[in-house]
Amino acid sequence: MPTRKPLYLVDASIYIFRAYFSLPDSIQSSSGLPLNAVYGFANFLLGLHEKSRSQYYAVAFDESLDQSFRNEIYPAYKANREQPPEELRHQFKLCKKLAQVLGFATFSSNRDEADDLIGAIARKLRPKNFRMVYVTSDKDITQLMQSTDIFWNYAKDEKFKVRDIKLKYGVNARQVRDWLALAGDSVDNIPGIPGIGNKTAACLLDKFNSLDGIYKKLHEVPDSGLRGGKRIHSLLTIHKDMAYLSRELATINTKARISCPVAGLRKKTIRAQDVHDFCDEIGTGNNLRSRLLNMK
């Protein structure tokens, strides 16, 4: 079989937020509008392409920063997060346009999150001789990983493979969503089971393999050798419905409706006029314009 081609699947929102909060808001357009997120995201995209030199990319955006189909299931999903300021919402739109100007395929949905779009693209492209490189810092993505895949936390320049997930989190890739179902995830406000943390959740999955396996052999938990087995058994019994709801919230929707033909994922050649039009539109100086035009 020929070597699998790398497809870089980018969780754009993480890097836009990072740019917005790490760069000063004194970076502005000629009319005084903040452009710090745009500048930082441009730096990220330029650096990503320089380091990867790939032909194939998919850059996924969260079209709605505070709503998805998961809020229909559980209204409190991500409700713990502060609403993004309006100046950031505006820059999100510019960042998406910037990625398009630079020749990257972009994807967004008003129902599915960026993770879901990434999962759907991976599912569709894997049979076409691609291996996935997930450019993100979101541990939820690890549930998608298979033997040839790479997880690349770009900001930390940390890369690992599917075999490394167990060492990092205490569970295998196929157990990640069940791990989150048990322990919850404070970042996304996924409740999990109160009183069961990451370590206990990993120990339960090590002994019983999956959430379904735990509940199939729930009667064995008190004498399983786990510290506080009787208490854990009680928590599992009381909060069973919440555990399964949490797994539903934590599961990436790889069946998200999306069109991603192979040809559409190939990075396009930058058109100088598109760069000039974009830079004129946002009112930026020559520094960014020059860097975009010189992207190889």
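Reader: How many of the six residues of S4 are buried?

Author: This is a predicted model, and the question concerns strand S4 (130–135). A residue counts as buried when its relative accessible area is under 20%. By that criterion S4 is mostly covered, and the number of its six residues that are buried is five.

Reader: In what order do the six strands of the open sheet stand?

Author: The pairing within this open sheet is mixed. Strand S3 (106–107) and strand S6 (158–160) each have a single partner strand, so one side of each is left without a neighbour in the sheet. With S3 and S6 at the edges, the order is S3-S2-S1-S4-S5-S6.

Reader: Which residue of S4 is the bridge partner of Val10?

Author: S1 and S4 pair in the parallel sense, and six bridges join them. Strand S1 comprises residues 5–11, while S4 comprises 130–135. Within S4, the partner of Val10 is Val135.

Reader: Which residue in S2 is the bridge partner of Leu7?

Author: Strand S1 (residues 5–11) and strand S2 (residues 56–60) run parallel and are joined by five bridges. Leu7 has its bridge partner in S2, and that partner is Tyr56.

Reader: Which residue in S5 is the bridge partner of Tyr134?

Author: S4 also pairs with strand S5 (residues 150–153), in the parallel sense and over three bridges. Tyr134 has its bridge partner in S5, namely Phe151.

Reader: Why are the buried residues of H8 on the same side of the helix?

Author: In helix H8 (residues 198–208), the buried residues are Ala201, Ala202, Leu204, Leu205 and Phe208. On the other side of H8, Lys199 and Asp206 are exposed.

Reader: Which residue follows H7 with a positive phi?

Author: H7 is mostly covered, since seven of its eight residues are buried; among them are Trp179, Leu180 and Leu182. The cover over these buried residues includes H6, H8, H9, H10 and helix H11 (240–250). After H7 comes a residue whose phi is positive, near 75°, and this residue is Gly184.

Reader: Are H13 and H14 roughly parallel or roughly antiparallel to each other?

Author: The axes of helix H13 (residues 272–282) and helix H14 (residues 286–293) come within 10 Å and cross at roughly 160°. Contacting residues include Val275 and Cys279 of H13, together with Leu288 and Leu292 of H14. Angles over 145 degrees count as roughly antiparallel. H13 and H14 are therefore roughly antiparallel.

Reader: What is the handedness of the crossing of H13 and H14?

Author: This concerns the crossing at roughly 160°. The crossing of H13 and H14 is right-handed.

Reader: How far apart in space are Leu98 and Ala42, C-alpha to C-alpha?

Author: Leu98 belongs to helix H4 (residues 86–101) and is buried, with a relative accessible area of 0%. Beyond residues up to four places away in sequence, Leu98 touches Val38, Phe41, Ala42, Leu45, Phe278 and Leu292. Leu98 and Ala42 are 56 residues apart in sequence, and their C-alpha to C-alpha distance is 7.5 Å.

Terms used. Residues are numbered from 1 along each chain as its sequence is written. This is a predicted model: local features need pLDDT of at least 70, side-chain atom pairs count only at pLDDT 80 or more; totals for chains, interfaces and linings use all residues. Side-chain values use heavy atoms; hydrogens and water are left out. Buried means under 20% relative accessible area, exposed over 50%, partly exposed in between (1.4 Å probe, protein chains only). Helices (H or I, at least four residues) and strands (E, at least two) are DSSP runs, numbered from the N terminus. Two strands pair if DSSP finds at least two bridges between them. Contact means heavy atoms within 4.5 Å. Axes are lines fitted to C-alpha atoms, for helices over the stretch in contact, and angles run from 0 to 180 degrees between N-to-C directions. Angles under 35 degrees count as roughly parallel, over 145 as roughly antiparallel, 65 to 115 as roughly perpendicular and the rest as oblique. A crossing is left-handed if the near helix is turned anticlockwise from the far one by less than a right angle, and right-handed if clockwise.
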